[in-house]
Amino acid sequence: MANVSIRDVRKSFGPVSIIKGVNVDIEDGEFVILVGPSGCGKSTLLRMIAGLEDISGGEIRIGPRVVNDVPPKDRDIAMVFQSYALYPHMTVAENMAFSLKLKGTPQAEQKKRVADAAASLGLTPLLDRYPRQLSGGQRQRVAMGRAIVRDPQVFLFDEPLSNLDAKLRVAMRAEIKELHQRLKTTTVYVTHDQIEAMTMADKIVVMHDGVVEQIGAPLELYDRPANRFVAGFIGSPSMNFIDGYLDAGGLALPSGTVLPLDVRPAISAGTKLTYGIRPEHLQLAAVGTPGAIPATVSVIEPTGADTTLIAKAEGGNVTVVLRERFHLKPGEAIALKPASSQAHLFDDAGVRVAST
């Protein structure tokens with residue numbers, strides 16, 4: 001195992017800058033997830049760690065060694081790709097042992113490593129099957145097993161669950177997390193799915209347009225987002241944003257509704273701000289309740305455990321997650337009372353200026 005240090009790393013394709021000076025420290029044994037929308041540079045950064053992309057600037061260390069110019073095969077890493085990339089003419093056991101065979105590992109050691117990895121992944125009964133005889137989840141476990149047998153310093157995962165159905169993705173999330181808890185190998189995992197990031201990571205790196213927006217533990221990012229982008233990206237359904245301006249009573253909306261603030265930022269009255277509140281921190285209130293947002297029911301989405309309500313309010317749609325079952329109809333007038341202790345304020349640049 002080893003730590004990974006990324007220092008002012010840059011990547012350009014001709015005049016187009018993709019990675020714009022990224023700094024990340026990944027501790028030995030840590031599970032770090034790079035997350036962000038498509039095109040933000042997360043997979044490019046992972047490929048630079050693996051040595052599959054050249055670095056335009058900066059430095060990457062794996063352990064004490066700078067690996068900028070080290071070939072991928074000599075970096076002591078193992079990568080699991082989005083596609084399973086299994087050899088169709090080889091059995092599960094042969095697929096898992098192939099990298100060891102290329103390295104000249106003694107056959108007895110190959111068999112032991114394959115047997116140990118297969119046991120940890122529940123693949124022992126499948127060792128004699130071919131990839132075409134496996135389900136999607138089983139194939140992904142074989143791809144993981146092929147990485148595990150190498151006993152690398154660092155595991156790299158590039159959106160490994162994207163090709164699986166929703167139910168299988170949930171199961172595989174738990175399997176990968178449980179595997180990391182047993183092996184304690186440093187892991188860097190790329191996904192665009194913030195639910196994967198929240199449920200699996202020790203630390204999340206949120207990327208956008210080639211830069212790091214925020215680094216922190218999952219709940220730290222959820223509770224204390226550094227800016228509007230992180231606030232809107234982390235959490236499902238995403239945070240609601242309502243524009244207003246600061247006045248003596250709180251945040252005033254154009255309609256005249258004033259939303260109370262538990263913490264008042266040290267800025268002058270009249271400043272334009274954006275009020276951020278998560279869907280689960282809104283409650284139904286009687287129409288006309290002071291400090292409640294007037295709205296009209298637009299869409300009702302019952303999920304069983306809770307109900308997601310989309311309502312039209314000033315400035316656009318507002319999403320609410322209700323734990324209780326209310327008998328509401330589209331077009332019905334309602335009022336939404338925010339929990340002021342859970343509110344966030346963002347300035348014109350999108351930076352969080354105050355939250356509790």
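I take helices (H or I, at least four residues) and strands (E, at least two) as DSSP runs, numbered from the N terminus.

**Entry 1, basis.** I note that this is a predicted model, in which local features need pLDDT of at least 70, side-chain atom pairs count only at pLDDT 80 or more, and totals for chains, interfaces and linings use all residues. Residues are numbered from 1 along each chain as its sequence is written, and side-chain values use heavy atoms, with hydrogens and water left out.

I looked up pLDDT, the predictor's confidence in each residue, from 0 to 100. The protein chain averages 92, and 99% of the residues score at least 70. Confidence is lowest in strand 21 (residues 352-355), with a mean of 76, and highest in strand 10 (residues 211-216), at 98.

I checked two loops. Ala85 lies between strand 6 (77-80) and helix 2 (92-103), and has a positive phi of about 55° although it is not a glycine. Pro237 sits in the loop between helix 8 (228-233) and strand 11 (240-247); the peptide bond to Pro237 from Ser236 is cis, with omega near -5°. Most residues other than glycine have a negative phi, and most peptide bonds are trans.

I examined helix 4 (residues 136-148) and helix 5 (residues 166-183), whose axes come within 11 Å and cross at roughly 20°. Axes are lines fitted to C-alpha atoms, for helices over the stretch in contact, and angles run from 0 to 180 degrees between N-to-C directions. Helix 4 is therefore roughly parallel to helix 5 (angles under 35 degrees count as roughly parallel, over 145 as roughly antiparallel, 65 to 115 as roughly perpendicular and the rest as oblique).
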